[in-house]
Amino acid sequence: LNSIELIQLKNLNNLPIWLRNIRLHKYTDILSDIPWKTLIYYNDEDLMKAGVVAMGARRKLLKAFDIVKAAYKNKDIIGFEEDEKLNKEMKKLEIGN
């Protein structure tokens with residue numbers, strides 16, 4: 001798994017791209033409605049209930065989730081700080097209007 005691709009905010013916010021990067025895009029339809037900040041906390045049983053029945057796919061997803069969770073915890077998500085700064089600036093503009 002390419003951990004750089006996994007922890008880029010632009011990919012996390014576009015789950016079909018994120019899944020394609022780990023070659024599990026066939027699960028896009030069943031996972032794409034779940035926010036990435038929720039999905040990374042799914043366990044094996046949650047993935048099974050969601051419809052990811054192949055054990056290999058679940059293992060790969062769980063490994064990817066561990067990488068993303070560690071980066072999120074350490075504030076190492078690529079693009080996250082820039083996104084937070086932009087959101088703060090937008091809120092300031094909204095309050096000023």
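Helices (H or I, at least four residues) and strands (E, at least two) are taken here as DSSP runs, numbered from the N terminus. The structure is a predicted model, in which local features need pLDDT of at least 70 and side-chain atom pairs count only at pLDDT 80 or more, whereas totals for chains, interfaces and linings use all residues. Residues are numbered from 1 along each chain as its sequence is written, and side-chain values use heavy atoms, with hydrogens and water left out.

On this basis the protein chain has 8 helices and 0 strands, and its pattern along the sequence reads α-α-α-α-α-α-α-α. Of the 97 residues in the protein chain, 30% are buried, where buried means under 20% relative accessible area, exposed over 50%, and partly exposed in between (1.4 Å probe, protein chains only). Among the contacts (heavy atoms within 4.5 Å) of the protein chain with a separation of 6 or more, 56% join residues 24 or more positions apart.

Rings of Phe, Tyr and Trp (its six-membered ring) pair if their centres lie within 6.5 Å, and planes under 30 degrees apart count as stacked, over 60 as edge-to-face and the rest as tilted. The structure holds 2 aromatic pairs. The pair of W18 and F65 is stacked, because the ring centres are 6.2 Å apart and the planes lie at 15°. This pair links distant parts of the chain, with W18 in helix α3 (residues 15-21) and F65 in helix α7 (residues 55-73), 47 residues apart. W18 counts as buried at 1% relative accessibility, and F65 likewise counts as buried at 1%.

The pair of W36 and Y72 is edge-to-face, with 5.4 Å centre to centre and 80° between the planes. W36 lies in helix α5 (residues 36-39) and Y72 in helix α7, so this pair ties together parts that are 36 residues apart in sequence. W36 is buried, with a relative accessible area of 7%, whereas Y72, at 27%, is partly exposed.
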